[in-house]
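User: I would like to learn how to read a structure like this one. Could you take me through it step by step?

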Amino acid sequence: MSKTALQFRHNGRDVAIFVDGGTNLLVALRELIGDMTPKFGCGQGGCGACSVLIDGELHLACLTLAETAAGRSVETLDGLKEGPNLHPLQRAFADNFAAQCGYCTPGMLMAAKALLDRNPQPSRAEVVEAISGNICRCTGYEPIINAVLAAAGNRARA
Amino acid sequence: MAKHRGRGIASINYPIGMNLGGDPSQALVHSNPSGKFTVSLSSIDLGQGMKSVTRQICAETLGVPVEDVYVDTADSDTGPHCMGSFASRGTHRVGNAVMAAAKEARGVMMEAAAEELEVNAADLETDGRGNIHVKGAPHRSISTKDVAIAAQFKQGKTISGRGIFLVPLSDVDPETGEMSPATCYAHACLVAEVEVDDETGDVAMIRMDSAYELGRALNPRLVEQQLVGGAWMGISHTLYETTEPYYPDSSHGPRDFVEYLMPGPGDICPHDIAVLERPAADGPFGAKGPGEMCANPVLPAVANAIFNAVGVRIDELPITPERVLRAIKAQGGAQPQARR
């Protein structure tokens, strides 16, 4: 099978890779670019662990053809922190004990970022809705919901 | 057709650890020339906080800042033996082993410090901030870093300690059936309120109120995290999850996260938790274990709440809408019980 040349922005940096036809974005990010922050959970859009932003919009990388990203901007958890400084959402997750095993956390953070970017002061119901595509085994969701609301609250005060 | 509210209660008595041929865990503690300490374990931190709590236990026992302790774990090739992370045994079994190892290491550290300060080790104390000084004379002091360097390069001593905690096998008495399967027990009581739709059989969680007695909470935030998440697992096992067998046969079983149902963030309910601390005599700093038991009271409490709401007693898990609906039909309709 012939390979396709593909260029896109990955966390603000231009990347160029060759992909087989049909390669999904999750495989491209993890195996070709080496960004292991989007997680492989179910591979069929049922768990949300692979959530990334494409041009600011939330997508499931496992159900997205890598070629969809051509010429666009892909954001993953790896690009969230600024140097040594955690992103306010990451800080709020830590402060609120919103992670246990951590496998859902990258997807949760990206889903939360997508929400706060378009709705900086969400209601609790809006937070629940925003992360409803993401499964968490450990936390019972409550600490995650509280962390997202805390991050929004911190931003309002800052 | 209507929605019925019901309330159910359940109490549990949870044995910490297990009794299948004895239940041991080991720990090793050693100092590095930098004066920092490494705890070697093979116990797995699944996210429940084993690394944090063993780090706290080690630092507290050694008398050094928690920042000066590193926990290296999860590799059974490099760490000493552990039975594993289950049965709420981590804090109790591994914690006790770490405490024993840290006590032995502290003994060597104090001897090494005594040699440097030219005093009797029995006259020394740690300040918890990385220094060792003569009791009542804080100026006669040496840092744990300098003690580690002296032990390593001058005295030729390893500041290290070994620890094991074993609860031996308790055999069943063949005459009486008597045995002692655990050395300490945690306890919990949970009240669940549900709303049952007698047209669809759907059960919605309305709220939960619980009290847990789990010895001393060594890290209250981690305990809370366990209890909140564990209750969600309890809801999941009660109302959603099952592997096999599946109705009517295994070919109808779930194959992936789309079909294997678990409650999402919209299915949870408010949960008010009270933690009661009654230190265990044989626990590290009085701790028992908040792990597995935090899911347990949810199942009977929800089953009781469903009975209270519509009068049907479901004795199979998970309590799916289909099972509730069949039971309501068999009974000739919902029969709400007296509100409790």
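**Reading the fold and the domains**

Analyst: Happy to! Let's begin with the order of elements: from the N terminus on, chain A runs β-β-α-β-β-β-α-α-α-α. Keep in mind that this is a predicted model.

User: How many helices and strands does chain A have?

Analyst: The count for chain A is five helices and five strands.

User: How does the radius of gyration of chain A compare with the globule rule?

Analyst: The idea is to set the radius of gyration beside what the rule gives for the chain length. For the 158 residues of chain A the rule gives 15 Å, and the radius of gyration is 16 Å, close to that, so chain A is as compact as a globular protein of that length. Along its principal axes, the C-alpha trace spans about 50 × 30 × 25 Å.

User: What share of chain A is buried?

Analyst: Of the 158 residues in chain A, 44% are buried.

User: Now chain B, please. Which domains does the assignment give there?

Analyst: Domain 1 of chain B covers 3-15 + 184-330, and domain 2 covers 25-165. Their C-alpha centres lie 39 Å apart.

User: How many residues of these two domains are in contact?

Analyst: In chain B, 16 residues of domain 1 are in contact with 16 residues of domain 2. On the domain 1 side, the touching residues are nine nonpolar, five polar and two charged.

Key
Residues are numbered from 1 along each chain as its sequence is written. Chains are lettered from A and ligands numbered from 1 in the order in which they are written. This is a predicted model: local features need pLDDT of at least 70, side-chain atom pairs count only at pLDDT 80 or more; totals for chains, interfaces and linings use all residues. Domain bounds come from an automatic or database domain assignment. Two residues are in contact if their C-beta atoms, placed from the backbone, lie within 7 Å. Ala, Val, Leu, Ile, Met, Phe, Trp, Tyr, Cys and Pro count as nonpolar, Asp, Glu, Lys and Arg as charged, and the others, Gly among them, as polar. Helices (H or I, at least four residues) and strands (E, at least two) are DSSP runs, numbered from the N terminus. The radius of gyration is taken over C-alpha atoms; the globule rule is 2.2 Å times the number of residues to the power 0.38. A residue is buried if 20 or more other C-beta atoms lie within 10 Å of its own, exposed if 12 or fewer, and partly exposed in between; C-beta atoms are placed from the backbone.
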